[in-house]
Amino acid sequence: MPEAIQIPELTSLSNHQLAKSLAAIDEIRECYRVLEKGGLNIVGEVLKDQGPFYEMDHYPKDDVYDRETDSQYYYHAHREDHDEHGHFHLFVRDSALPDSVKPALGPTEDDRVAHLVAISMDAWGYPTDLFAVNRWVTDESWLPAESVIAALDQFAIDHAHPSWPVNRWLTAMVRCFRPQIAALLRHRDAVLTGWQGQQLEQVLEDRSLEITGSIPIDLDSWAARLIAEQVKRAERISFPVGS
């Protein structure tokens, strides 16, 4: 089993990534603000008018797609071993993926689809964890971590169905926690390598391996760390070493 998931040090993030994550945090907070003002939350919005909530069913019923960006998501629940209400699964499809990459298993050519991350939600409609899964869980096209990471910035749901705040929130979550998602995907591949001595094709269908890793998230603490790093960089520019 590989070591614990290694989230990149903040010092390794570019100024551009720092700024993108902080801008995404502002977007996430704005989504919370407009929902909370109406007594609503992220999970309630995606389940609105969907009838009884059943484990394993997708919500909304036919998933959510943005055909311009080839992005997709759905919400459901099935993790009895985790204290969550349910979770979102986020994907990008063929046109958002690198052209040259062929899946090791799963849908191919125009049907390619890659799972980016899952977001666990609590009963109050707020995120608690990010996690990565084995291929069989979502029946995705299996691509190496670096190919999926290269497609993270392509994820965007830029329409109002079933909820504009939810779609904006999910898009911003990928921007905000991009370093953590990248770390989960790299860790996923490390877990699968040589799993119980099996070949990759066997591991990808091994029902004993479902979740390959998870990372707890907290928006406020992540924002504080990003701001502190940004301030340090600004101070180094204002007061260079040896001045």
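A residue is called buried when its relative accessible area is under 20%, exposed when that area is over 50%, and partly exposed in between, with a 1.4 Å probe and protein chains only. By this rule Asp 63 is buried, because its relative accessible area is 11%. The structure is a predicted model, in which local features need pLDDT of at least 70, side-chain atom pairs count only at pLDDT 80 or more, and totals for chains, interfaces and linings use all residues. Residues are numbered from 1 along each chain as its sequence is written, and side-chain values use heavy atoms, with hydrogens and water left out.

Although Asp 63 is not a glycine, its phi is positive, at about 65 degrees. Strand β1 covers residues 59–66 and also holds Pro 60. Tyr 59 and Pro 60 are joined by a cis peptide bond with omega of about -10 degrees. Another cis peptide bond runs from His 161 to Pro 162, with omega near -5 degrees; Pro 162 sits in the loop between α4 (145–149) and α5. A positive phi, of about 50 degrees, is also found at Glu 109, which is not a glycine either. Glu 109 belongs to the loop between β3 (86–93) and β4 (113–121), and its relative accessible area of 64% makes it exposed.

Contact here means heavy atoms within 4.5 Å. Leaving aside neighbours within four places in sequence, Ala 114 is in contact with Leu 90, Phe 91, Val 92, Leu 97, Glu 140, Ser 141, Leu 143 and Val 148. One of these residues, Ser 141, is 27 residues from Ala 114 in sequence, and the C-alpha atoms of the pair are 5.7 Å apart. Leu 130, in strand β5 (residues 127–133), is buried as well, with a relative accessible area of 1%. Its C-alpha atom is separated by 5.7 Å from that of Ala 118, twelve residues apart along the chain. Not counting residues up to four places away in sequence, Leu 130 touches a set of residues including Val 117, Ala 118, Ile 119, Phe 177, Gln 180, Ile 181, Leu 184 and Ile 217.

Next comes a pair of helices. Helix α5 (residues 164–176) packs against α6 at an angle of about 75 degrees, with the axes 5 Å apart. The axes are lines fitted to C-alpha atoms over the stretch in contact, and angles run from 0 to 180 degrees between N-to-C directions. Since angles of 65 to 115 degrees count as roughly perpendicular (under 35 is roughly parallel, over 145 roughly antiparallel, and the rest oblique), α5 and α6 are roughly perpendicular to each other. Val 174, Arg 175 and Cys 176 of α5 meet Arg 178, Pro 179, Gln 180 and Ile 181 of α6. This contact has four nonpolar, one polar and two charged residues, where Ala, Val, Leu, Ile, Met, Phe, Trp, Tyr, Cys and Pro count as nonpolar, Asp, Glu, Lys and Arg as charged, and the others, Gly among them, as polar.

A pocket is an open set of points on a 1 Å grid over the protein atoms alone, where a 1.4 Å probe fits, with protein on both sides within 12 Å along at least five of seven lines; lining residues have an atom within 4 Å of a point. The largest pocket has a volume of about 190 Å³. Its lining includes Arg 29, Tyr 32, Tyr 126, Met 173, Phe 177 and Asp 218, and the elements that give two or more residues to that lining are α1 (15–37) and α8 (219–238). The lining of the largest pocket divides into seven nonpolar, no polar and three charged residues. The second largest pocket has a volume of about 150 Å³. Helix α6 (residues 178–192) gives the largest share of its lining, four residues.

Key. Points joined across faces, edges and corners; volume = space filled by probe spheres on them.
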